[in-house]
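Here are some friendly questions and answers to read alongside the model. Have a look at the sequence and structure first, then follow along.

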Protein chains: 2
Amino acid sequence: MSEYRAAADVVVIGGGAIGLSIAWRASERGLRVIVLERDRVGGGTSRVAAGMLAPIAEVTPGEEPLLHLGSESARLYPEFVAGLLEASGADSVGYTRCGTLLVARDADEAQALERELELRHRFGLRVERLRASEARRREPGLAPSLRLALDVPDDHAIDPRALVPALAAAVRAAGGEVRERSGVDRVALAGDRVAGVVLADGSRVSADRVVIAAGVWSPEIGGIPVELQMPLRPVKGQIMRLHDPAGPGLVARVIRMGPSYIAPRGDGRYVLGATSEERGFDTTVTAGAAFALLRDAAELVPGVSELVVDEFAAGLRPGTPDNLPVVGRSEIPGLHWAVGHRRSGILLAPVTAQLVTASLLGEPGADASPLTAAIGPGRFHAAPAGSPA
Amino acid sequence: MSEYRAAADVVVIGGGAIGLSIAWRASERGLRVIVLERDRVGGGTSRVAAGMLAPIAEVTPGEEPLLHLGSESARLYPEFVAGLLEASGADSVGYTRCGTLLVARDADEAQALERELELRHRFGLRVERLRASEARRREPGLAPSLRLALDVPDDHAIDPRALVPALAAAVRAAGGEVRERSGVDRVALAGDRVAGVVLADGSRVSADRVVIAAGVWSPEIGGIPVELQMPLRPVKGQIMRLHDPAGPGLVARVIRMGPSYIAPRGDGRYVLGATSEERGFDTTVTAGAAFALLRDAAELVPGVSELVVDEFAAGLRPGTPDNLPVVGRSEIPGLHWAVGHRRSGILLAPVTAQLVTASLLGEPGADASPLTAAIGPGRFHAAPAGSPA
């Protein structure tokens, strides 16, 4: 009903780690940015993310573009965090260069781990093969039944629940605006290009550039022709948060075995993760998942049994058909995508912010770098008839 | 500071299932009763109780008095519930005559179950020995690996979270008063007998009869000479509440194996229990307990894995040195005890209410029945010098 209008250079739809990182970097570069978040900042998938910054542990054959993107973002992280602490005034965002151990419990898993080692060496990544005794020397909390481990010192971690409020503070400190409880109904077009957004309450924000960074909820945003929408789907992940009444020290590194991990926060808190389930917009937590998380974690680190359970939660990762994010200009002038980061939204926030900011500023070559080639929105859209092949 | 005074015939300290049952029955008999609850009614141990009414499943050699007390209370339950529904106007308190299956998974457990069967037959209790195939015919959700089962049709269940508010409504309907957020500082004596209580805020309630029914928190109540206090200790129990998105039907009976159980509410909700831990006033929930509850339940009924976890909580059972409750007149005239019900507070509420009400009314023989002989408060107190042996 309301015809209230505000104006900005850029509207970012979505106040999670991705949207806020973009808004911060764009604000720093002099753009007037408004972030519109339907819930609270960080109330969506970022709230449930474990915060592993682990491009090396997560290398998957055939997903080399993700490795390059992740490695570049990991490289940016120290400076990103330093700038963020300064800009936001936050004491810490839980950034720890803790390293990661990949572990195997039996001969089959050890054989698989040897292949993982070989794959990483092929990419020139720093990974050290450890016998069980050496792994247990470095992490005495590991189970005696351990068979083999790989030490990945360059895979780190951050606390997403500290990161997100710091990003929101940094956006505001740089002159941007962050509006919570402000769901967007649709993108507004003027002719063939973006003119702003219409909120759920009917009010409007004018802007000639709009960034969609609403994760798995992005397809709910109207105003975009269906053939230019993104094929996003929710990939449910269940995690458990715990703490050690005895304080930190159970493990210092992230411990991983297949899809299961124990991620230490460095202060006696731990996150166990994570399932990957295709169940639509279901965020219930189930007995089977709780059992599997606890079983795997206690098999790797028996002391997990003594931890206090603080929270059991599920989040929805935005998945894409090729498991790569969608970052870049849309075919609609003024519309930018920053979605589909699946398991890697926290890791990829710095590089995504850098790429999208360059594109928003119209920097030469911003959408034509080797990094962006694989992640452009156009890959999911059939070229219209008569357009160049 | 306040000198505000109220007056009643009876003050009941503690608004859990025990205290409210006493208050209801005493109010019905014409006594003016005030219940003082430090938190919300049912906010303590009753909130976490699973609500099994299972004197037969829980028979323990050497604890025959508990069997007699439990059997008597189970016998009272149908009339107790019918009266409560009428008095409170509640639709249901989740009372189901569901029966209980005790199950064994291997030869050792089956041998132990045969001894349990023999023990119950010795007491003339109705228990049916079932081969695995017959048990699975009655409960198709049971695991195929089952070895042997005992069907105990007379062990039932109730929903404590429905029972407690109905009891509070029934107290009020009978003219009694239930005050929440009203912690008691101490029992007030006049000469050698009870004169009422002093609340934490300094206000007073006069009454010549006081019932202590504050469970594991009872020893915090002042004014009672230390040698007449009760040796209560917290026995921590961790439980998990779940529901089946597919509705009821996974199991119809309570399924038990040793200390582990799955208690159906009849509407698709289930409670898994329970640990027994001596950890003082610790109500944290732990990874190890969650794992054990889920493992045992899924081993008995694999479909448990599909359930949604609603809550994981810990309660503090009031334990006594001989595992029997303390019900009856104190050595201090006017002071009555109704504490120490450990695992059986919900089961024993009707019989406790009946015994304490008779005692409050001074009915002949009220504290000298075969039922009360084993549970009187005097058993923990050395006879004072010069008193009769």
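Contact here means heavy atoms within 4.5 Å. This is a predicted model, so local features need pLDDT of at least 70 and side-chain atom pairs count only at pLDDT 80 or more, while totals for chains, interfaces and linings use all residues. Residues are numbered from 1 along each chain as its sequence is written, chains are lettered from A and ligands numbered from 1 in the order in which they are written, and side-chain values use heavy atoms, with hydrogens and water left out.

Q: How many residues does the contact take from chain A and from chain B?
A: Let's begin with the interface. Chain A and chain B bury about 1300 Å² between them, with 74% of it on carbon and sulfur atoms; buried area is the accessible area (1.4 Å probe) that two parts lose on being put together, summed over both. The contact takes from chain A 18 residues, and from chain B 18 residues.

Q: Which element gives the largest share of the side of chain A that touches chain B?
A: Helices (H or I, at least four residues) and strands (E, at least two) are DSSP runs, numbered from the N terminus. Two elements give two or more residues to this side: helix 6 (287-300) and strand 18 (308-319) of chain A. The largest share, six residues, comes from helix 6 of chain A.

Q: How many salt bridges does the rule find across the interface of chain A and chain B?
A: A salt bridge is a side-chain nitrogen of Lys or Arg within 4 Å of a carboxyl oxygen of Asp or Glu. Over all chains, this rule gives a count of 72 salt bridges. Across the interface of chain A and chain B, the number is zero.

Q: Which residue forms a salt bridge with A:Arg161?
A: A:Arg161, at 33% relative accessibility, counts as partly exposed; buried means under 20% relative accessible area, exposed over 50%, and partly exposed in between (1.4 Å probe, protein chains only). The N to O distance in its salt bridge is 2.9 Å, and the partner is A:Glu311. A:Arg161 lies in helix 5 (residues 160-173) of chain A and its partner in strand 18 of chain A, so the pair ties together parts that are 150 residues apart in sequence. The residue asked for is A:Glu311.

Q: How many residues apart in sequence are the parts that A:Asp39 and A:Arg181 tie together?
A: The side chains of A:Asp39 and A:Arg181 meet in a salt bridge at 2.8 Å, N to O. A:Asp39 is partly exposed at 28% relative accessibility, whereas A:Arg181 is exposed at 53%. A:Asp39 lies in the loop between strand 3 (33-36) and strand 4 (52-53) of chain A, and A:Arg181 in the loop between strand 9 (177-179) and strand 10 (184-190) of chain A, so the parts joined are apart in sequence by 142 residues.

Q: At which residue does helix 7 of chain A bend?
A: Helix 7 of chain A is mostly covered, with 15 of its 16 residues buried. The bend at a residue is the angle between axes fitted to the seven residues ending there and the seven starting there. Helix 7 (residues 345-360) bends by about 35°, at A:Val351.

Q: Is A:Thr357 buried or exposed?
A: A:Thr357 has its place in helix 7 of chain A. Leaving aside its neighbours within four places in sequence, A:Thr357 is in contact with A:Ile22, A:Arg25, A:Ala26 and A:Arg29. With a relative accessible area of 3%, A:Thr357 is buried.
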